[in-house]
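Please look over the sequence and the fold shown below. A short report on selected local features follows.

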Amino acid sequence: MGEELDSVASLCPGNTEGIQESASTLPLTSLPDGILIRIVQAADPEARRQLRLAARTLRPLVDACSTSLTLSSYSLPCLLSRGRLPDFAPELCSVLLSLQDITAPAGYLAKLPRLSFAQLPRLTSLTLALANDHLLPPAAVVDLAASIPPSTTRLVLTHMLGSSRPATQLPARPSPAAAAAAGQPQLDYAALRHLLCLCPHVREVRLDGGCWVRSSSDLQALVNLTSPSKALAAVEMADVSLNEGAGTFGGPAGADGGHEVVISSIRGMYLDPDDGYLRLPRALGSLSGLAALDVQIVTSMARQVPPPAAAAGAADAADAEDVGGLVAHVAALLDMADWGVASEQLLRGLITPALAGLTRLVVREFQGSTMALLSALEGLPLLAHLGLSGLDDAPYITDTHLELLSRLPSLKHLAVDRLDISQHRDQPEQRQDQQPTDGLFIAAGPYLLGSGGGSCSGSGAILPHLTGLEVALVVHSVQRLSQAFPSVQHLTLRWLWEQAMRKLAGWASLTCLSLSNLDCCLDWGLLRTLTGLTQLQLCRGSSYEQLAELLYLLRALPGLQVLHLNSWHCMRNSEPDSATSAAVAAAFAALDPDLHRAWARIRAAPDATTAAGAAMTLLRALPRLCALELTDCGHPLLRCLASRAFLEDGGPLVRLRELRLCRLLDVVGADVEEAVAALPGLRRLAVHGCWPVAGEVLLQLQGLRRSGVDVVWRR
């Protein structure tokens, strides 16, 4: 990231060994530092990123103007060796403390004052990334508070509050690990309130990791964060269990006379209260200033069904089983009743004036009236992102629902499970000489895409201003999606059907596309009509032949710059059916010789790395591809980039500038080093969550140090 100082390799002194500036950067780097600083300060974040990747000598100047920093257990020693943060990064505005890989982060927090955080006058945002099962004793909360400078007004938490169940909610015979985890001190509701009392300058909290709400006391604790009381927090922290008392349900922020804190984001509120459903509207009404809310209603986890014998107390085993089944049925009915009450109270909470400023809302497992829910959204004039999942009475979002959504003036992004779009009422009537074919009108002659692929703002548009669309399962549509949503730029389809690409054909506004579960789709050839794509993600493929076919089609997309391959654990297919006509095979080879040759090499490959290389060679035909990401893929897709067969068949991918590796297994430092050496144009390498490669080993590899590549590693 050009605006992020998270590159441990570039921060360590001594990484300039063997670095040679290219001739194209010499005129720029030869300018006086004063002029270069002014150039960097005037550049936008993307331009700064490019400057940082272009020349190693410019990185200290870019770092000095950087506004964000990521601190981890591996970057902290390197930063401490450089001295104080104000000396080399005085413009910092936000800091991320990445502590997910630290079981006991107390010792890490105690070292932070040595970086002189308090002397960063522009530092306004601090993100604390802790594991959900972290251990944070009360003394560490004090250390953390001492590290937060007085200029910081926003605190972001990425772990889930309330994720550890109290002892009262443990099973009758909990495991030793569960019993131990229940009483461990964490940065939970009470500890967070104590932290806010120690930092009265923090005025905004974002719960990006979400929170569990299992009781009315949890609702009270959540509301109490908006007006932390120092006296009450001190009493609460004296309790080892860090449990809040039920007390009287509180009111709006500032009711206790303390400083006010705005909870601006809750990215996951999991509602499972035994009591307190009726208090939900008032609790939501107390969260004035909330801008983003993701909420899910879950079935009660506290209601345990006893075993049949214990439930019946009868001697006859059959009678006991019948009674146990009846008890389970009654428990299920009670869960459904709770769901209904929770949905009703959630609906009442959404229409409170305090939530009128919501810009993002995601509702999952709603058991009430979908029409009533969508009608209530008219009271949210700023709502830009809406997600609907698991709606009880509306498995499909239909034209009627979309009509209500069209009344939301700010809606830009919609995420749903299923879409069912019939012919829109404003669409011109079909002429008698036309025949409908899957939403396309064919008068006389072959199938034509038409000018602009139907991506016009014509009368068939349903949500003409929508720019982002996500569909988890399936779309039923008379018209093409480009006609219903003519302005969509980002599209995510998490499950493809046989003629999925026909619905997307010619969608001129699309620039970013994500496709998952690819096996069912049969009309991949129409992918070539999406000529405006700059980013593409392909998830969950099944074979190297399939990967080769898709990469071959991408050569028709001249603007494609970023390619994500996700969850490709490919097995080589067997030889083609011997009954296939030789004439058909010859015709195919003549029409698509590159793809035919790639398939032949995949089927004849002696190992998976060679087969993966045969498919990946087709990337050379993408003229503007500059970034490649491999996520949760088999290691052959990485190793093939440096394989002898791959390099001898056309050479390396010289245009590739950025490589991101996420959650790859069986990858060691040598694999990464060889891949970087085989990509002469590479400027940035990001390695996140790969195993067993370790950050200390990766950042000390001589091949990476000599290459000058900007390296980022995170566990």
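Start with Ser567, which is placed in the loop between β19 and α22 (582-591). This is a predicted model. The phi of Ser567 is near 60°, a positive value in a residue other than glycine. Is Ser567 buried or exposed? Ser567 counts as buried, because its relative accessibility is 15% and the cut-off for buried is under 20%.

Glu365 is another non-glycine residue with a positive phi, here about 60°. Its place is in the loop between β9 and α17. Glu365 is partly exposed, with a relative accessible area of 27%. As background, most residues other than glycine have a negative phi, and most peptide bonds are trans.

The peptide bond between Trp691 and Pro692 is cis, with omega at about 5°. Pro692 belongs to strand β24 (residues 691-692).

**Salt bridges**

Side chains of opposite charge can pair when their charged atoms come close. How many salt bridges does a search of the whole structure find? The search finds 17 salt bridges. The table shows some of them.

| Salt bridge | N to O distance |
|---|---|
| Arg603 and Glu545 | 3.8 Å |
| Arg555 and Asp594 | 3.0 Å |
| Arg660 and Glu658 | 2.7 Å |

Take Arg603 and Glu545, whose side chains meet in a salt bridge. Why does this pair tie together parts that are 58 residues apart in sequence? Arg603 lies in helix α23 (residues 593-604) and Glu545 lies in helix α21 (residues 544-553), so the bridge joins those two parts. The two partners can be set side by side. Arg603 counts as partly exposed, at 25% relative accessibility. Glu545 is buried, with a relative accessible area of 4%.

Arg555 forms a salt bridge with Asp594. Arg555 lies in the loop between α21 and β19 (562-566), and Asp594 lies in helix α23, so this pair ties together parts that are 39 residues apart in sequence. Arg555 counts as partly exposed at 31% relative accessibility. Asp594 is partly exposed too, with a relative accessible area of 32%.

Arg660 and Glu658 also meet through their side chains. Arg660 is buried, and so is Glu658. Salt bridges that share partners join Glu629, Glu658, Arg660 and Arg684 into one network.

**Helix packing**

Two packed helices are described by the angle between their axes and the distance between the axes. How do α21 and α23 pack? Their axes are 10 Å apart, at an angle of about 160°. The two helices are therefore roughly antiparallel to each other, since angles over 145 degrees count that way. α21 passes α23 in a right-handed crossing.

Elsewhere, helix α11 (residues 189-198) is mostly covered. How many of its 10 residues are buried? The count is 9 of 10. Among them are Tyr189, Arg193, His194 and Cys197.

**Rings and charges**

A search of the whole structure finds 1 aromatic pair. Charged side chains also meet rings. The charged end of Arg620 sits over the ring of Phe646, 4.4 Å from its centre. The charged end of Arg418 sits over the ring of Tyr396, 5.7 Å from its centre.

**Two further positions**

Val416 has its place in strand β12 (residues 413-421). Val416 counts as buried, at 3% relative accessibility. The C-alpha atoms of Val416 and Leu391 are separated by 9.6 Å, and the two residues are 25 residues apart along the chain.

Ser369 is found in the loop between β9 (360-364) and α17 (370-376). Ser369 is partly exposed, with a relative accessible area of 35%.

Methods:
Residues numbered from 1 in each chain as written. Predicted model: local features only at pLDDT ≥ 70, side-chain atom pairs only at ≥ 80, totals over all residues. Heavy atoms only, no water. Phe/Tyr/Trp six-rings, centres within 6.5 Å; stacked < 30°, edge-to-face > 60°. Lys NZ or Arg CZ within 6 Å of the ring centre and 35° of its normal. Salt bridge = Lys/Arg side-chain N within 4 Å of Asp/Glu carboxyl O. Helix = DSSP H or I, 4+ residues; strand = E, 2+ residues; numbered from the N terminus. Buried < 20%, exposed > 50% of the residue type's maximum accessible area, 1.4 Å probe, protein only. Axes fitted to C-alpha atoms, helices over the stretch in contact; angles between N-to-C directions. Parallel < 35°, antiparallel > 145°, perpendicular 65-115°, else oblique. Left-handed = near helix turned anticlockwise from the far one by under 90°.
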